[in-house]
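Good morning, colleagues. Please turn to the sequence and the structure on the screen, and I shall then take you through the main points.

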Amino acid sequence: MLSLPPFQALIDDHWRDVARLARALAGPVDGDDVAQRAWEKAFAAYPNLTSARNLRSWLLTITARCATDVHRARKPQTPLDDAPPIAVDGPEAVDFPDPELWQAVKDLPERQRVAVTLKYVGDLDHHGVAAALDTTPAASRRLVSDALATLRTKLGVDHD
């Protein structure tokens, strides 16, 4: 049977190395968390070690893998399915108060309709509309402005 030193002795001997590597790989903000996670993983695996040779390298390998996990978690994740959402028919314009307005909104070009809906129904600012439409805030302002101009003309509303 393998005779391992007490885990506390391992900590006493190598805590500086683990902390230094964790901060170097994950940065000063996440370094302490990476070091803590490395010690947790080491503690869980320690009783099952088959060799006591080079425990420092074993600890530093765990630390490097924990830092890699932090970096992977930071990367934006792409959805598995890039298919656009399935469009479903919503309520008819006659179901809303002021059906003439909602019919005019329904008749807008799709991007204008979505932009004006996000702006006034979803209560998003132009940055939020731009993010939802994958465009710029200036382009979202233009879409909303064009939609409003079309609605005013179609409904005969004086905008002065």
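Which residues in α3 meet α6, and which residues in α6 do they meet? On the α3 side they are E100, L101, A104 and V105, and their partners in α6 are L151, K154 and L155. Please bear in mind that this is a predicted model. By class, the residues of this contact comprise five nonpolar and two charged, with no polar ones.

Let me turn to the geometry of the pair. Two packed helices are described by the angle between their axes and the distance between the axes. Helix α3 covers residues 99-106 and helix α6 covers residues 137-155; their axes come within 10 Å and cross at roughly 130 degrees. An angle over 145 degrees would count as roughly antiparallel and one from 65 to 115 as roughly perpendicular, so α3 is oblique to α6. The crossing of α3 past α6 is right-handed.

Is T63 buried or exposed? Its relative accessible area is 0%, and T63 is therefore buried. Leaving aside residues up to four places away in sequence, T63 touches V18, L21, A22, V34 and A38.

Finally, the chain as a whole. The protein chain has six helices and zero strands. Of its 160 residues, 25% are buried. Among contacts with a separation of 6 or more, 58% are between residues 24 or more positions apart. The accessible surface comes to about 11,500 Å², and carbon and sulfur atoms account for 55% of it.

Methods: Residues numbered from 1 in each chain as written. Predicted model: local features only at pLDDT ≥ 70, side-chain atom pairs only at ≥ 80, totals over all residues. Heavy atoms only, no water. Axes fitted to C-alpha atoms, helices over the stretch in contact; angles between N-to-C directions. Helix = DSSP H or I, 4+ residues; strand = E, 2+ residues; numbered from the N terminus. Parallel < 35°, antiparallel > 145°, perpendicular 65-115°, else oblique. Left-handed = near helix turned anticlockwise from the far one by under 90°. Contact = heavy atoms within 4.5 Å. Nonpolar A, V, L, I, M, F, W, Y, C, P; charged D, E, K, R; others polar. Buried < 20%, exposed > 50% of the residue type's maximum accessible area, 1.4 Å probe, protein only. Areas by Shrake-Rupley, 256 points an atom, 1.4 Å probe, with all protein chains shown as cover.
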